[in-house]
Amino acid sequence: MKTIIKNSPIILLFILLSQTGFGQKKMAEATIKTSIVCDMCKTTIEKNLIFEKGVKEVRVDIEKKEVYVRFRTDKTSIDLIKQALVKLGYRADDLPADPKAHAKLPDCCKKEGCGKD
Ligand SMILES: [Cu+2]
C-alpha cells in the first residue's frame, strides 16, 4: 500500500502525459503546389526532401505539379518543409524558388519555367 501511494503521482503523471499526446508520434500530411515539369525535378525533390528532419514520406505528382508530404509535427512543420523545397530550387505554394538553388538545377529543369511557374 505504501508503495502505491508513493508511486501514484508518477502514475498520474503518465496518465496525464499520455492524454496530452506527449511522446506520441504526431503525423500530419500536406500537399504543396510547386513548379516541376520533368522526371529530374521529381527525383531531386523526392531524393532530397525525404532527408529533411521529421519527413516520413514524399511523393511528387508531375502532372498536378504537387508535392505530397507526410511528416512528424513534433519534428518539423509545413513551413520548414516549404523552405526546404524553396532551397532545392522550386516554388512552394506562394514562396518563390531560391534563385541560387534554381541556377544549380540540371539544365532540363531550368527550361520552360521549370523551377519557376
Ligand atoms: Cu526538371
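Student: Which residue in E3 does Arg59 stand opposite?

Tutor: As a general idea, the strands of a sheet pair through backbone hydrogen bonds, and the pairing is either parallel or antiparallel. In this model, which is a predicted one, Arg59 stands opposite Tyr68 in E3. Another residue that can be followed in this way is Asp61, whose bridge partner in E3 is Glu66.

Student: In which sense do E2 and E3 pair, and over how many bridges?

Tutor: E2 and strand E3, the latter covering residues 66-72, pair in the antiparallel sense over six bridges. The two strands form a hairpin with four residues between them, and in this hairpin Lys65 takes a positive phi near 55°.

Student: What does E1 pair with, and over how many bridges?

Tutor: E1 pairs with E3, again in the antiparallel sense, over seven bridges; Ala30, for example, has Val69 in E3 as its bridge partner.

Student: In what order do the strands lie in the sheet, and which of them stand at the edges?

Tutor: The three strands form an open sheet in the order E1-E3-E2, with antiparallel pairing. Strand E1 (27-33) and strand E2 (55-61) stand at the edges, and because each has a single partner strand, one side of each is left without a neighbour in the sheet. Neighbouring strands of this sheet are turned against each other by 15° on average, if direction is ignored.

Student: Which helix packs on the sheet, and which strands does that helix touch?

Tutor: Helix H2, residues 39-49, packs on the sheet and touches E2 and E3, and the direction of H2 makes about 175° with that of E2.

Student: Which residues of E3 belong to the covered face, and which to the uncovered one?

Tutor: The general idea is that in a regular strand the side chains alternate between the two faces of the sheet. In E3, the covered face holds Val67, Val69 and Phe71, whereas the uncovered face holds Glu66, Tyr68, Arg70 and Arg72.

Student: How many helices and strands does the protein chain have, and in what order do the elements run?

Tutor: The secondary structure comes to four helices and three strands, and from the N terminus on the elements run α-β-α-β-β-α-α. Of the 117 residues of the protein chain, 23% count as buried.

Note on methods:
Residues are numbered from 1 along each chain as its sequence is written. This is a predicted model: local features need pLDDT of at least 70, side-chain atom pairs count only at pLDDT 80 or more; totals for chains, interfaces and linings use all residues. Two strands pair if DSSP finds at least two bridges between them. Axes are lines fitted to C-alpha atoms, for helices over the stretch in contact, and angles run from 0 to 180 degrees between N-to-C directions. Two residues are in contact if their C-beta atoms, placed from the backbone, lie within 7 Å. A residue is buried if 20 or more other C-beta atoms lie within 10 Å of its own, exposed if 12 or fewer, and partly exposed in between; C-beta atoms are placed from the backbone.
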